Amino acid sequence: MRRPMRPVAPQKDGPLANEDITSPDVQLIDAEGENRGVVRTRDALAEAQEAGLDLVLIAANSQPPVAKMLDLGRYKYAAQKKAAETRKKQKVIEVKEVQLRPNIDTHDYETKMKAVQRFLDEGDRVKVTMRFRGREMAHQDLGMQLLLKVKEQTEAVAKVESQPRSEGRQMVMVLAPK
């Protein structure tokens, strides 16, 4: 039997404000930032509306909850700008992958190592994958030697986050910048 869709009540984002405050008493901080002490919520709400401001719950978990008189729209706008600024300053660390084969030639190896060096300089993690095909599976020791060579060459600029380990037909090692 199919149930009818019920409309979901809209979720309010941000702190509780004005009539949403259920506590009977609040610790009131006025618009100038002065502590007014414990006041009845409805008195604080009337005082805030008289000043043309909103009563916003700042610390809901304290006893009694702390409420401040301020312009809610301006408060939300400032919080939104602050969150955007912190997101802008964040650096997302990516995991770049470099794939090798056990019988790689010297020039190809050097090219791959330049790429590894560049990725580490940019601050990204590097996943070095050694792929084995067919009869190469019988010579996994060659692949391990090559991964250890990569580890030695990059130990000045990188630390090994996960040691070389075998996963089916490939060996994987993860390097992170120091």
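Gly 14 lies in the segment that precedes strand β1 (25-29); helices (H or I, at least four residues) and strands (E, at least two) are DSSP runs, numbered from the N terminus. With a relative accessible area of 55%, Gly 14 is exposed, where buried means under 20% relative accessible area, exposed over 50%, and partly exposed in between (1.4 Å probe, protein chains only). Although Gly 14 and Tyr 75 are 61 residues apart in sequence, their C-alpha atoms are 9.6 Å apart in space.

The model is predicted: local features need pLDDT of at least 70 and side-chain atom pairs count only at pLDDT 80 or more, while totals for chains, interfaces and linings use all residues. Residues are numbered from 1 along each chain as its sequence is written, and side-chain values use heavy atoms, with hydrogens and water left out.

An unreviewed UniProt entry lists residues 18-85 as "domain: Translation initiation factor 3 N-terminal"; UniProt positions are given in the numbering used here, feature names are shortened, and annotations may be inferred rather than shown by experiment. In the model, this span is 35% helix and 32% strand, and its end C-alpha atoms lie 28 Å apart. Elsewhere in the chain, Asp 30, Arg 36 and Glu 47 are linked in a network of salt bridges, a salt bridge being a side-chain nitrogen of Lys or Arg within 4 Å of a carboxyl oxygen of Asp or Glu.

The discussion now turns to an open sheet. Its 4 strands follow the order β5-β6-β8-β7, and the pairing is mixed; two strands pair if DSSP finds at least two bridges between them. β5 (95-100) and β7 (158-167) each have a single partner strand and stand at the edges, so one side of each is left without a neighbour in the sheet. From one strand to the next, the twist averages 15°; axes are lines fitted to C-alpha atoms, for helices over the stretch in contact, and angles run from 0 to 180 degrees between N-to-C directions. Strands of a sheet pair through backbone hydrogen bonds, either parallel or antiparallel. The pairing of β7 with β8 (residues 170-177) is antiparallel and extends over 7 bridges, and Ser 162 stands opposite Val 174 in β8.

Two helices accompany this sheet. Helix α4 (residues 140-154) packs on the sheet and touches β5, β6, β7 and β8, its direction making about 5° with that of β8; contact means heavy atoms within 4.5 Å. Helix α3 (residues 106-121) lies across β5, β6 (125-131), β7 and β8, and runs at about 170° to β5.

Across the whole structure, 7 salt bridges are found. One of them joins Arg 125 to Glu 161, with the closest N and O atoms 3.0 Å apart. This pair links distant parts of the chain, 36 residues apart, with Arg 125 in strand β6 and Glu 161 in strand β7. Arg 125 is partly exposed at 32% relative accessibility, and Glu 161 is partly exposed at 41%.

Glu 167 forms a salt bridge with Arg 165, again with a closest N to O distance of 3.0 Å; Glu 167 has a relative accessible area of 34% and is partly exposed, as is Arg 165 at 38%. Lys 96 forms a salt bridge with Glu 94, where the closest N and O atoms are 3.8 Å apart. Lys 96 is partly exposed, at 24% relative accessible area, and Glu 94 also counts as partly exposed, at 43%.
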